Amino acid sequence: MSMQQNIPTSTIEEKLFTVKYKPGPTSHLIPDQNDCQVCPTKACNYFCPANVYHWDPMQSLNLVAYENCFECGACRLGCVYQSIEWVYPKDGHGVTFRHG
Amino acid sequence: MADLAEAVDVVIVGAGPAGLAAALVLAKAGKEVVVLERGEFVGAKNVFGGAIYTQPTAELYPEFWKSAPVERFNAEHRFALLTEDSSTTISYKSEKHMHAPHYNSFTVQRSLWDRWCAEQAEAAGAYIVTQTVVRDLLWDGDRVAGVRTEQEEFPAKLTIIADGVNSLLVEKAGLRRSIPKPNEVALGVKEVIRLGEDVINDRFNCENGSGVIYTIAGGPFEDITCMGFIYTNKDSIVLGLGASLYDLQQKLLKPYDMLERFKKHPMIRPLIAGGEMVEYSGHMIPEGGFHSIPTLYCAGAMVAGDAAMLVNNVHWEGTNLAMASGRFAAETALQALENNDFSVYQLALYEKLLRSSYVVQDLETYRNILPTVEHNSDVYLGFYPRQLNSLMETLVGVDSVPKKEKIRQFMQSSFRKRSIPSMMMDMIKIGGPMLR
């Protein structure tokens with residue numbers, strides 16, 4: 001048996017499952033879909049540590065799983081068009097890190 | 001216009017190391033101070049590596065290790081340079097750092113540590129309000145006159161903006177011309193992996209509550225600006241990495257995939273084997289340094305901690321700079337309240353205090369190092385770790401080739417890849433700022 005089978009590997013879904021959330025009623029992240037449609041790389045789909053953004057070519061929409069957001073702000077800075085409307089979730093909502 | 005007759009002395013946005021340091025100093029001086037924190041509890045939104053540094057922390061919280069929720073004191077620091085399949089590690093360990101009061105640093109969990117700091121500020125008389133998001137600033141002409149939360153207005157004679165690396169308030173205050181660029185921040189991701197206290201002691205060579213810090217360069221990250229780290233808690237370890245947001249954005253990399261690759265490296269693998277991942281998290285790190293610091297004050301307000309981008313990206317110091325800036329902001333506030341003067345002329349004292357301390361001086365010393373490494377990440381984080389490991393292979397490997405021949409081959413291949421003048425320049429670019 002190789003060592004690799006013994007190490008705690010995990011998918012992003014499994015990783016996010018370890019995080020505590022109390023999502024707000026509506027998304028606190030609103031990308032400008034007009035920019036998303038012409039964005040050649042959809043870089044947010046890659047660098048977001050919580051895998052919040054998912055480009056759906058069928059609907060031509062950048063889907064936002066805001067419930068998983070770490071509120072880190074990387075997408076606000078890393079969006080090439082800087083066109084993600086970004087606010088902190090409402091009072092007492094969003095992510096809670098139990099260890100940090 | 002805000003009604004300043006109702007105002008508290010100081011409102012602080014954000015209960016992190018900077019905000020809570022300011023709150024403690026102000027409350028101890030008998031001022032009316034309110035800290036507004038958006039998390040469910042103090043520390044709920046906060047993430048770091050990480051370690052807090054003993055000497056600067058003890059300036060605010062004397063002998064904190066006796067009562068605060070610390071995990072381990074760090075007696076050893078290991079620096080590991082990796083290739084894809086090998087590693088060379090240098091370790092520094094000192095008996096000196098294994099005894100009070102000479103501990104160099106402690107690992108802590110932010111959910112516990114930040115709450116403890118909040119309790120100290122509360123005991124001194126500060127009011128700490130959680131689950132409260134500050135949406136905007138209040139203005140009296142061109143002076144900041146408090147803040148607006150989701151629920152109400154909070155007039156204050158002075159406002160300390162300590163809302164972290166993703167500070168929307170710094171921008172609302174007009175203290176930064178544009179939002180930080182992706183190359184001014186790193187994105188950190190990490191996992192807390194539970195191993196058990198005894199396993200950690202055995203695997204990491206720890207005793208009597210001591211711990212180890214790993215700083216890791218190269219390996220699976222060699223083509224981008226990215227460093228890895230390990231910290232030991234009491235019964236868990238923290239494994240993570242920080243990567244330039246610009247590199248992630250340009251190369252379309254997923255930080256959590258990089259973390260998985262990192263785990264499989266032969267140096268890392270046996271350290272985490274059998275562990276249970278208990279929490280994954282991510283946070284931005286303001287690594288832009290000196291050039292990224294916003295305007296630090298305006299009439300009625302000061303900026304502290306990560307919101308002011310006060311992180312030493314070479315030595316990985318942040319909480320100590322945050323605490324120091326919070327303290328300087330509080331000391332400036334005390335002067336301002338004493339003189340009843342909240343103008344830029346009075347608050348300029350804050351910048352003066354920061355500039356005359358290690359906080360801004362260190363950032364200035366290192367102002368060009370990160371750009372240098374970033375532009376040459378293939379050299380500093382690729383070529384050099386590879387050559388060092390290749391040298392070690394040359395020295396350690398036994399293969400019936402005469403040693404003289406092996407060294408000659410190593411030298412030849414090194415200088416073929418990078419000329420002697422280039423290597424000298426590489427050293428000067430990194431070492432030079434320290435000697436100037």
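Modeller: Contact means heavy atoms within 4.5 Å. This is a predicted model, in which local features need pLDDT of at least 70 and side-chain atom pairs count only at pLDDT 80 or more, while totals for chains, interfaces and linings use all residues. Residues are numbered from 1 along each chain as its sequence is written, chains are lettered from A and ligands numbered from 1 in the order in which they are written, and side-chain values use heavy atoms, with hydrogens and water left out.

Biologist: Which residues is Thr132(B) in contact with, leaving aside its neighbours within four places in sequence?

Modeller: Asp91(A), Leu36(B), Glu37(B), Arg38(B) and Thr149(B) are in contact with Thr132(B), its neighbours within four places in sequence being left aside. Thr132(B) itself is found in the loop between strand 7 (127–129) and strand 8 (134–140) of chain B; strands (E, at least two residues) and helices (H or I, at least four) are DSSP runs, numbered from the N terminus.

Biologist: Why is Thr132(B) called buried?

Modeller: Buried means under 20% relative accessible area, exposed over 50% and partly exposed in between, with a 1.4 Å probe and protein chains only. Thr132(B) has a relative accessible area of 13%, so it is buried.

Biologist: What makes the pair of Phe64(B) and Trp113(B) edge-to-face?

Modeller: Rings of Phe, Tyr and Trp (its six-membered ring) pair if their centres lie within 6.5 Å; planes under 30 degrees apart count as stacked, over 60 as edge-to-face and the rest as tilted. The structure holds 19 aromatic pairs over all chains. In one of them, the ring centres of Phe64(B) and Trp113(B) are 5.6 Å apart and the planes stand at 75°, so the pair is edge-to-face. Phe64(B) lies in the loop between helix 2 (54–60) and strand 4 (70–82) of chain B and Trp113(B) in helix 3 (residues 110–123) of chain B, so the pair ties together parts 49 residues apart in sequence. Phe64(B) is buried, at a relative accessible area of 1%, and Trp113(B) is buried, at 1%.

Biologist: What angle lies between the planes of Trp65(B) and Tyr103(B)?

Modeller: The planes are at 80°, with 5.7 Å centre to centre, and this aromatic pair is edge-to-face. Both Trp65(B) and Tyr103(B) are buried.

Biologist: How do you know that the charged end of Arg115(B) sits over the ring of Phe41(B)?

Modeller: The criterion is NZ of Lys or CZ of Arg within 6 Å of the ring centre and within 35 degrees of the ring normal. The charged end of Arg115(B) sits over the ring of Phe41(B), 4.2 Å from its centre. Lys15(A) lies over the face of Tyr280(B), at 5.7 Å from the ring centre.
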